[in-house]
Amino acid sequence: MRASRLVSLLLLLQTRGRMTAPELAEALEVSVRTVYRDVESLGAAGVPVYAERGPAGGYRLLDGYRTRLTGLTAGEAEALFLAGVPGPAAELGLGSVLATAELKLQAALPADLTGRGGRIRQRFHLDAPSWFREPEPTPHLAALADAVWEDRRVRVHYRRWQAPREVTRILDPLGVVLKAGRWYLVAAADGQVRTYRVGAILEMAVLAEHVERPAGFDLAACWREHAERYENSVYRAEARVRMTAAALAQTVHLFPPAMSRAAREAAGAPDADGWLLTTVPIESIRHGHVELLKLGAQVQVLAPTELRERLAETAHALAALYPPDSAGRAEEPRATSDARGGPGAAGPPRASVRR
């Protein structure tokens, strides 16, 4: 373990340049005192590592020094092959580059590690898109990835959900993120970092201006904050419901994760008949109507009144479609004439529901 850590410390200094003891400790997941001892051990072994004093100081290697101690362990070689995700790489326009890199890696590895790495592709596969969803066309993804890499500003014509539906924006691209099979652009606009669905970009042009990335910008941390903020803001209302314990268990499979989690956390103890009270977060009345219908007669909405009435309307309409005396005797609707004498088709009977 210590020998591996010493190699990692050496390679960190070689690839990143000057690093402070706390930075090395965080990267290696050890204490600062351990870093001090490891640096002393490297120096004793003849590695030209030295410390620079002052606020901008830290440890660094002598200029021009590079180690050839870069051999991979079996686990490291397997991890590198596992990191190859041909689908997303191809969407970014890097499919051939990834294939060439893997060939070079295979050529550089010893024979025993080449075999272990090759077996990874046959045992692990990444399928990013969600179930029952067609892949979203992203014709501008490769050009956006180039703009992100080259720090170039872009002009996009973008379709959004609110009016006006189509807008044009000047963006400073900061990164692209693949989430559940959909690509998102993280970009700065009007002094704020925002996200845009790449599939909603209708037109795009790369501009000549270069992007000044915000100091200390961390794409992973930015996306994590965005995802948490989105999940917390999307559920703007809640429904008080009575449901069976079996229905509560089914919410794990039928509801979005945040919705199911909140319902289970708020659930009370079931009564003698197996029914319990809980609160379910919903985006809107329409959203709650669609989601709660999935539980059928195993859930009863107590509030809000509008959601309760909408579900009652749907229940009455379904009852009218399937009256008790018509079981097994479904008939095709008969052709009729409308009030103006024209041909028409009689639809299913409508339920009479008081609003």
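Biologist: Which strand is T278 in?
Modeller: T278 is in strand 9, which covers residues 275-282. Keep in mind that this is a predicted model.

Biologist: Is T278 buried or exposed?
Modeller: T278 is buried, because its relative accessibility is 0% and the cut-off for buried is under 20%.

Biologist: What is T278 in contact with, leaving aside neighbours within four places in sequence?
Modeller: Its contacts are A239, R240, V241, M243, A263, A266 and A267.

Biologist: How far apart are T278 and V241?
Modeller: In sequence, 37 residues separate T278 and V241. In space, their C-alpha atoms are 5.7 Å apart.

Biologist: And A267, which of its atoms lies 3.3 Å from the side chain of T278?
Modeller: The backbone nitrogen of A267 lies at that distance from a polar atom of the T278 side chain.

Biologist: New topic. Which residues form the nonpolar patch on the surface?
Modeller: L318, L321 and Y322 form that patch, and together they have about 330 Å² of accessible area.

Biologist: Where is L318?
Modeller: L318 is in helix 13, residues 305-321. With a relative accessible area of 44%, L318 counts as partly exposed.

Biologist: What about confidence, where is it lowest and where is it highest?
Modeller: Confidence is lowest in strand 12, residues 343-345, with a mean of 43. It is highest in strand 10, residues 299-303, at 97. For the protein chain, the mean pLDDT is 82, and 76% of residues reach 70 or more.

Biologist: Over which residues does pLDDT stay under 50?
Modeller: That is residues 336-355, for which the model has 20 contacts beyond four places in sequence. Where pLDDT is low, predicted coordinates should not be read in detail.

Technical notes
Residues numbered from 1 in each chain as written. Predicted model: local features only at pLDDT ≥ 70, side-chain atom pairs only at ≥ 80, totals over all residues. Heavy atoms only, no water. Helix = DSSP H or I, 4+ residues; strand = E, 2+ residues; numbered from the N terminus. Buried < 20%, exposed > 50% of the residue type's maximum accessible area, 1.4 Å probe, protein only. Contact = heavy atoms within 4.5 Å. Polar contact = N/O pair within 3.5 Å; in protein donor to acceptor, adjacent residues only side chain to side chain. Patch = residues over 30% accessible without salt bridge, like charges linked within 9 Å, V, L, I, M, F, W, Y side chains within 5 Å. Areas by Shrake-Rupley, 256 points an atom, 1.4 Å probe, with all protein chains shown as cover. Salt bridge = Lys/Arg side-chain N within 4 Å of Asp/Glu carboxyl O. pLDDT = per-residue confidence, 0-100.
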